[in-house]
Amino acid sequence: MPPTFPRRTWAPAYALALVGSFGVAATWILLGRGTGRQCSWMGVVAALDAVLLLRMGGMRPGLARAAWAMLCTALAMALANWGIAAEHVGRMLGLPIWTSMARMGGDYAWLLVRMANDAVDLAWLAAGLVTAAAWGR
């Protein structure tokens with residue numbers, strides 16, 4: 001009889017995906033800073049990154065993995081949009097991005113994000129969430 005190995009739990013998988021969301025958001029912010037655009041197509045990249053990290057972490061297929069993929073994708077989207085808005089404000093005030101992110105209130109950040117994203121950007125963000133749900137299953 002072959003030896004049996006203990007089952008891997010998926011607790012490290014979601015922690016890995018959450019940390020990956022921060023990395024994708026940081027890349028997204030740097031890309032937005034370099035191009036001067038929102039780069040909303042990165043929402044699909046964030047979804048693929050979350051799905052890949054959850055699969056590499058050993059999380060089993062199903063609704064839980066799809067939900068975690070969507071949650072991590074939404075977290076990356078929120079952090080990236082907040083960071084891009086904070087970067088624009090911080091550049092005008094001479095502040096580094098992390099200081100600007102900490103000082104900028106939620107209402108002001110939400111206003112800037114709504115003004116910066118048009119219909120095409122919202123379509124890319126929605127495509128990222130759909131990609132996370134479909135590939136995360």
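What follows is a walk through the helices, cores and selected contacts of a predicted model. Residues are numbered from 1 along each chain as its sequence is written.

Start with the cores. A nonpolar core is a set of buried Ala, Val, Leu, Ile, Met, Phe, Trp, Tyr and Cys residues joined through side-chain atoms within 4.5 Å. Buried means under 20% relative accessible area, exposed over 50%, and partly exposed in between (1.4 Å probe, protein chains only). The largest core has 13 residues. Val24, Trp28 and Met42 have the most contacts inside it. H1, H2 (42-56) and H3 each supply at least two residues of this core. Helices here are DSSP runs (H or I, at least four residues), numbered from the N terminus. H3 gives the largest share, five residues. Another core, of 11 residues, lies apart from it; Ala13, Ala17, Ala50 and Val51 are among its members.

Methionine 42 deserves a look. Leaving aside neighbours within four places in sequence, methionine 42 is in contact (heavy atoms within 4.5 Å) with Val24, Thr27, Trp28 and Leu31.

Next, the rings. The whole structure holds one aromatic pair. Tyrosine 14 and tryptophan 68 are stacked, at 4.7 Å centre to centre and 20 degrees between the planes. Rings of Phe, Tyr and Trp (its six-membered ring) pair if their centres lie within 6.5 Å; planes under 30 degrees apart count as stacked, over 60 as edge-to-face and the rest as tilted. Tyrosine 14 lies in H1 (residues 11-35) and tryptophan 68 in H3, so the pair ties together parts 54 residues apart in sequence. Tyrosine 14 is partly exposed, at 28% relative accessible area.

Now move to H5 (residues 106-116). Its buried residues are Ala109, Leu112 and Val113. The face turned away carries the exposed Asp107, Trp110 and Met115.

Finally, asparagine 117 is found in the loop between H5 and H6 (119-136). Asparagine 117 is buried, at 11% relative accessible area. Its side chain makes polar contacts with the side chains of glutamine 38 (3.1 Å) and asparagine 81 (3.3 Å). A polar contact is a pair of N or O atoms within 3.5 Å; within protein, one must be able to donate a hydrogen and the other to accept it, and residues adjacent in sequence count only if both atoms are side-chain atoms.

Note on methods:
Predicted model: local features only at pLDDT ≥ 70, side-chain atom pairs only at ≥ 80, totals over all residues. Heavy atoms only, no water.
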